[in-house]
Amino acid sequence: MRKVAVAGIGFTKVGEPWERNVKELFAEAALGALKDAAHTEVEHLYVANMMGAHLQGQIGMGAMMAEAIGRPGLPAVRIEAGQASGGVAFHEGVKAVASGMSDWVLVGGVEKMSDLLPEAVATALVGAEDQEYTAYTGVTKTGLSAILHRLYSHEYGASPEEIGWFAARSHDNAVGVTHAQYPFKLSIERVMTSPMEADPIRMMECAAVADGAAAVLLGPADKVANGIEVAASTVATDHLSLAARKNPLTLIAVKKAADKAYEIAKTKPKDIDVLEVTDDTTIDGVLSLEDLGFAEKGKGAKMVAQGHTTRTGEIPTNNFGGLKARGNPIGATGLYQIAETVMQLRGEAGANQVPDAKIGMAQSMAGVGSTCSVAILRRV
Amino acid sequence: MSVPRYWREEKPRYRLMGEECAKCGAKYYPKTPVCACGSTEFKPYKLAEMGKLKSWTVIRNAPVGYERFTPYVVALIELDDGVQILSQVVDVEPEAVKVGMKVEYAFRKVTEDGQAGLLQYGYKFRPVVD
Ligand SMILES: [Zn+2]
């Protein structure tokens, strides 16, 4: 297998740009990645998208986006792995380059959620669950996280406020971030007094509806000058339904993907300088921190509340606001995480820079952990 | 929702019918083509109708088709035979729901598929009244 590097990154500002369609969003990010890499050759295109079929009635996004970036004819395919589509598409791109089958692979993700009303978006999001026995109960993605939230408090004695801190910490890091959906602070008081969304999860603990696109250009490490090396890229899955999991508070897919990534990259959690995790809700972020190996089981919420995940803490996490504040345009999210990790490792994160960041990790997760991808990137 | 899609899940949903692996005895609800032990031989298995709540949430912003039921409780339930199931819990105010609460199977309308669509029935759970 060849070593793979990230040659360029691009993304749009996350928001609700009603005047722009999926093609325009995707093209901005993809062309941005090519420009950043100062490279024009592309041999293969992967398009990460979860909900186009629900939200725009659109599939076939491979051909559509190849054309949208001015390259009709390019081999192209859409990758869907629920909310982990972005991270999984990245993994597919890495495989294509590592195998030697392609040299230059563009991986872009896009989601446009603002086209539909909230109940339709909730239906699309719960599309990644078993339709006949999970979605059938009327539960939402947030509701499934809420079931874990209550179980977590019950098992480990964490207070709702300790868990709620995850949202406040993410917002702290979004201040001044030009591509963030909500680039402002959110106090823990405001989090904890916001209305219930799915008890015990409050509205300000959840990522909101967002539109956005992000892309990376991958190439062979020996042909990319000043590239950021992909030290590991892994994917794992778990039982789709929470009910089928013996211990729902351990996200097996996260653990498996992380353990394998550490092994491949010959690193340990203590070697990671910057981290991007999936905080679609606060508890998703807490459980991810634990199962990625950064906190003991049951101690993750306390760790966040006490400030150990801030820019100057033990493990700087969600350094541009995470899903909560940078925003969560689902299919693009995993690629925003990669792009942001690259910015940190290049030393181009401006006011958000974690000093001398050498190794970064990005974790993309579907639902409540049915699919998880982990990437470890390294400055060489 | 097509009629066959509804019909083929009728037995599991109306009667809590799952399957049990003929080799290792693992119980599945819903049924699965291949057991974790590798076996593809299964026997019908009727789930316990009583259980207790492991955790729950209150859905306040519902997906399409469930809007008029809000707020409603969805719980992770451990049945008396050890099988876990996700289900709505009805006949109780959300404020009165507790971890460990005993619940039993109830047959109810679950959703309406559009104005002129299919009425879907199936399992919900309700508190056991002593
Ligand atoms: Zn078996």
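**Figure 1. Three salt bridges cross the interface of chain A and chain B in this predicted model.** On the side of chain A that touches chain B, the elements giving two or more residues are H5, H6 and strand S5 (196-198). Helix H6 of chain A makes the largest contribution to that side, with seven residues. By residue class, the chain A side divides into 16 nonpolar, nine polar and eight charged residues.

**Figure 2. Chain A and chain B bury about 2800 Å² between them.** Of this area, 57% lies on carbon and sulfur atoms. Three residues deserve a look on the chain A side: A:Glu132, A:Tyr133 and A:Tyr136 supply 29% of the area that chain A buries against chain B, more than any other three residues. The contact itself draws 33 residues from chain A and 34 residues from chain B.

**Figure 3. B:Arg5 and A:Glu132 form a salt bridge, with their closest N and O atoms 2.8 Å apart.** This pair crosses between chains: B:Arg5 sits in helix H1 (residues 3-7) of chain B, while A:Glu132 belongs to the loop between helix H5 (118-125) and helix H6 (141-156) of chain A. The two partners fall on either side of the 20% limit for burial. A:Glu132 counts as buried because its relative accessible area is 12%, whereas B:Arg5, at 26%, is partly exposed.

**Figure 4. Within helix H4 (residues 85-98) of chain A, A:Glu92 and A:Lys95 lie three residues apart, about one turn of the helix.** Their side chains meet in a salt bridge, 3.0 Å from N to O.

**Figure 5. A salt bridge joins the side chains of A:Glu290 and A:Lys297, at 2.9 Å from N to O.** A:Glu290 counts as buried, with 4% relative accessibility, while A:Lys297 is partly exposed at 27%. Elsewhere, salt bridges that share partners link A:Arg2, A:Asp103 and A:Lys223 into one network. Side chains of opposite charge can pair when their charged atoms come close.

Methods. Residues numbered from 1 in each chain as written. Chains lettered and ligands numbered in written order. Predicted model: local features only at pLDDT ≥ 70, side-chain atom pairs only at ≥ 80, totals over all residues. Heavy atoms only, no water. Salt bridge = Lys/Arg side-chain N within 4 Å of Asp/Glu carboxyl O. Helix = DSSP H or I, 4+ residues; strand = E, 2+ residues; numbered from the N terminus. Buried < 20%, exposed > 50% of the residue type's maximum accessible area, 1.4 Å probe, protein only. Contact = heavy atoms within 4.5 Å. Buried area = accessible area lost by both parts, 1.4 Å probe. Nonpolar A, V, L, I, M, F, W, Y, C, P; charged D, E, K, R; others polar.
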